[in-house]
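Please keep the structure in view while reading.

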Amino acid sequence: MKILEVNNLNLGFKTESGFRQALFDINFALEEGKTLALVGESGCGKTMSAMSILRLLPKNARITGGQILYKKQDILGLKEKEMQKIRGAKIALIPQDPMTSLNPLYTIENQLLEVIKIHQHLKGDEARKKALEALEMVQIPCASERLKSYPHEFSGGMKQRAIIAMALACHAQILIADEPTTALDVTIQAQIMKLLSDIKSQLGTSVLLITHDLALVGENADEIAVMYAGRIVENAPAKEFFEKPNHPYSLALLNSIPSKRGETLETIHGQPPTIHQDISGCRFHPRCKYCFEPCGNEIPPNFTVGENHMSACFLNQC
Ligand code: SF4
């Protein structure tokens, strides 16, 4: 069952040079108990897509069209008060920097109790028991003692676990993990990804994983959507994607992953466009080594290139 569907989402920003569109007809769906990885370079619109789901957008951003369905209900139409019941409680954010969500002045226990009170309406011993269970679930050693710690007494990985514990304490059904391991070293990255995967299998939680790192999603995603300059350019089940990648941008991303020591990696020349640049046709065409006649003039449609596999590239019509 699809727990979250983003349909034809369009978003733009009011800027000094007028309204500039940043997301173009974004479509993806997250199945219950699965992980969907939204992949692409920085600035391609991944985080804006995720923040649109949570309605945590900058003041100058405006959603100009589309639907965001949570359990078939369009949450874009909800009033802020109704949205507060969903944000954190049903759909929770695991941010890149956990300190943006942890208050340095309060203990981990106080912060867990606060969210449990708001979203679970529990107090006293019952709430404290729940806080301890949540910290144990994220495998923090000596959880009952660590509840009394302040965030600065936790390592980066433990802070990230504490944020995940807050989401679990509220029984969040969807975790939006926005580059959750970027600030961590490699061994801790693997532990956090394993934790997210364990939570998914044990609790049936769905995960929307936002990352620029295709190497990270290999073992962790069920479905992959690749974004470039505000568009989804390829979408496929993970196995199919890694076996038969189709879009030149996906291929370039895959070829830039180190697989062997000493190997020369391919780079994608140029930079992704900013929202101030007008790009006609395929938004990847200025950087694409396969660019040919229609690419600079027409927007490539979505071609079906396999089972549940879509790629927006004109090479598929040849
Ligand atoms: Fe490259 Fe053209 Fe395909 Fe765009 S449509 S990715 S420019 S070949």
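The points below are grouped by topic.

This is a predicted model, in which local features need pLDDT of at least 70 and side-chain atom pairs count only at pLDDT 80 or more, while totals for chains, interfaces and linings use all residues. Residues are numbered from 1 along each chain as its sequence is written, and side-chain values use heavy atoms, with hydrogens and water left out.

**Strands and sheet**

- Helices (H or I, at least four residues) and strands (E, at least two) are DSSP runs, numbered from the N terminus, and two strands pair if DSSP finds at least two bridges between them.
- Strands β1 (residues 2–15) and β2 (residues 18–31) run antiparallel and are joined by ten bridges; they form a hairpin with two residues between them.
- Within this pairing, L9 has I26 in β2 as its bridge partner.
- An open sheet of mixed pairing is built from eight strands in the order β6-β7-β8-β3-β9-β10-β12-β11.
- At the edges stand β6 (91–94) and β11 (303–306), each with a single partner strand, so one side of each is left without a neighbour in the sheet.
- On average, neighbouring strands of this sheet are turned by 20 degrees against each other, direction ignored; the axes are lines fitted to C-alpha atoms, and angles run from 0 to 180 degrees between N-to-C directions.
- Five bridges connect β7 (residues 174–178) with β8 (residues 206–211) in the parallel sense, and A177 stands opposite L209 in β8.

**Ligand and cavities**

- On a 1 Å grid over the protein atoms alone, a cavity is a set of points where a 1.4 Å probe fits but cannot get out, and lining residues have an atom within 4 Å of a point.
- Residues around the ligand (one heavy atom within 4 Å) include H247, H285, Y290 and L315.
- This shell has nine nonpolar, two polar and no charged residues; Ala, Val, Leu, Ile, Met, Phe, Trp, Tyr, Cys and Pro count as nonpolar, Asp, Glu, Lys and Arg as charged, and the others, Gly among them, as polar.
- Of the 14 residues lining the largest cavity, P248, C282, C288, C295 and C313 lie nearest its centre.
- The second largest cavity, of about 50 Å³, is lined by T35, M193, L196, S197, V207, L209 and N220; α7 (186–203) gives the most, with three residues.

**Pockets**

- A pocket is an open set of points with protein on both sides within 12 Å along at least five of seven lines.
- The largest pocket has a volume of about 530 Å³, and of its 29 lining residues N27, I232, N235, N302 and M310 are the closest to its centre.

Conventions: Grid points are joined across faces, edges and corners, and a volume is the space filled by probe spheres set on the points.
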